[in-house]
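Let's take a friendly walk through a protein structure, one step at a time. Have the sequence and the 3D view ready, and follow along as we go.

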Amino acid sequence: MVVLAASIISKSGKALVSRQFVDMSRIRIEGYLAAFPKLIGTGKQHTYVETENVRYVYQPIESLFLLLVTNKQSNILEDLDTLRLLSRLVPEYSYSLDEEGIGKSAFEILFAFDEVISLGHKENVTVAQVKQYCEMESHEEKLHKLVLQSKINETKETMIRKASEIDKSKVANILPVRGGNPPKFSQRTLLSTENYQVV
C-alpha cells in the first residue's frame, strides 16, 4: 500500500490540509485534489473513485471530505482502515469540522497524519497512541525553552540598564552656560535655549 497524500478538502475541491508522503510536485497533487470533486457522483454509496493513475479513498466529514490519494496497486482494505483511523483523529485535533476549525488546527492534524502514515505506509497505531506521541514532551525542548527565556530576560535587563545610562548621560550633558545650578526638570519648566547649551 502506498498512500500518496492525505488531505482534507472542501466540497469544491479547495485543499485545507494536505500532506504528501511520497515525492511529487505541488502542481501534481493540486491537480489530483482539484479533479476529485468532479469524479464523485451525488447519491453514491461508494467510498472510493479510481482514475487511470490513482485511487481516491474518501469519507465525508460534515461539509468537507477526508481524502486519501493512493496508487492503484494499493490494498483498498488497508486504505479504508487508514481512512477510518484518520477520520477518528481529525475531530480529536480540530475544535470544529469546518474550514475555520481545520485551518486553525492544521499543524496538529498534519502531525497526527505523520504518526499514522510513514513514507506512504500505514503504521500500526491506535488513536490513543497517536495522541500520546503528539503530546510527548522533550527534555531537549524544555532545556532550549529555558535557555531562550534566560536570554530574553538578560536582554531586557541590559536594555533597562542601558536606557537608564542614556538618561543619566543626557542629564549630565546639559550644562548651564552662565553658571549657577543645573536646571530642575518638571512638567511646567520650559528650557530656554539661550540659557543652556547641549554639549
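Two strands count as paired if DSSP finds at least two bridges between them. Keep in mind that you are looking at a predicted model. With that in hand, look at β4 and strand β5 (residues 64–71), which pair in the antiparallel sense over eight bridges. Along this pairing, isoleucine 61 stands opposite leucine 64 in β5. The two strands form a hairpin with two residues between them. In that turn you will find glutamate 62, which has a positive phi of about 50 degrees.

Now turn to the other partner of β4. Strand β3 (residues 48–50) also pairs with β4 in the antiparallel sense, over three bridges. Here glutamate 50 stands opposite arginine 55 in β4, and a hairpin of three residues joins β3 to β4.

How many of the eight residues of strand β4 (residues 54–61) are buried? Six of them are, so this strand is largely enclosed by the rest of the structure.

Next, find asparagine 71, whose place is in strand β5. Is asparagine 71 buried or exposed? The cut-off for buried is under 20% relative accessible area. Asparagine 71 has a relative accessible area of 19%, so it is buried. Leaving aside its neighbours within four places in sequence, asparagine 71 is in contact with Val2, Leu4, Asn53 and Arg55.

In soluble globular proteins, nonpolar side chains tend to be buried together. In this model, the largest nonpolar core has 30 residues, and those with the most contacts inside it are Ile8, Leu86, Leu89, Ile102 and Phe113. At least two residues of this core come from each of β1 (3–10), β2 (15–20), β4, β5, α2 (76–93), α4 (106–116) and α5 (127–135). The largest share, seven residues, is supplied by α2.

Zoom in on isoleucine 102. Setting aside neighbours within four places in sequence, isoleucine 102 is in contact with several residues, including Ile8, Leu16, Leu64, Val90 and Ile109. There is also a second, separate core of 16 residues, which includes Leu4, Ile29, Tyr56 and Tyr58.

Finally, how do the helices α4 and α5 meet? Their axes come within 10 Å and cross at roughly 120 degrees, and that makes α4 oblique to α5. The crossing of α4 past α5 is right-handed. On the α4 side, the contact is made by Phe111, Ala112, Glu115 and Val116; on the α5 side, by Val130, Tyr133 and Cys134.

Terms used: Residues numbered from 1 in each chain as written. Predicted model: local features only at pLDDT ≥ 70, side-chain atom pairs only at ≥ 80, totals over all residues. Heavy atoms only, no water. Buried < 20%, exposed > 50% of the residue type's maximum accessible area, 1.4 Å probe, protein only. Helix = DSSP H or I, 4+ residues; strand = E, 2+ residues; numbered from the N terminus. Contact = heavy atoms within 4.5 Å. Core = buried A, V, L, I, M, F, W, Y, C linked by side-chain atoms within 4.5 Å. Axes fitted to C-alpha atoms, helices over the stretch in contact; angles between N-to-C directions. Parallel < 35°, antiparallel > 145°, perpendicular 65-115°, else oblique. Left-handed = near helix turned anticlockwise from the far one by under 90°.
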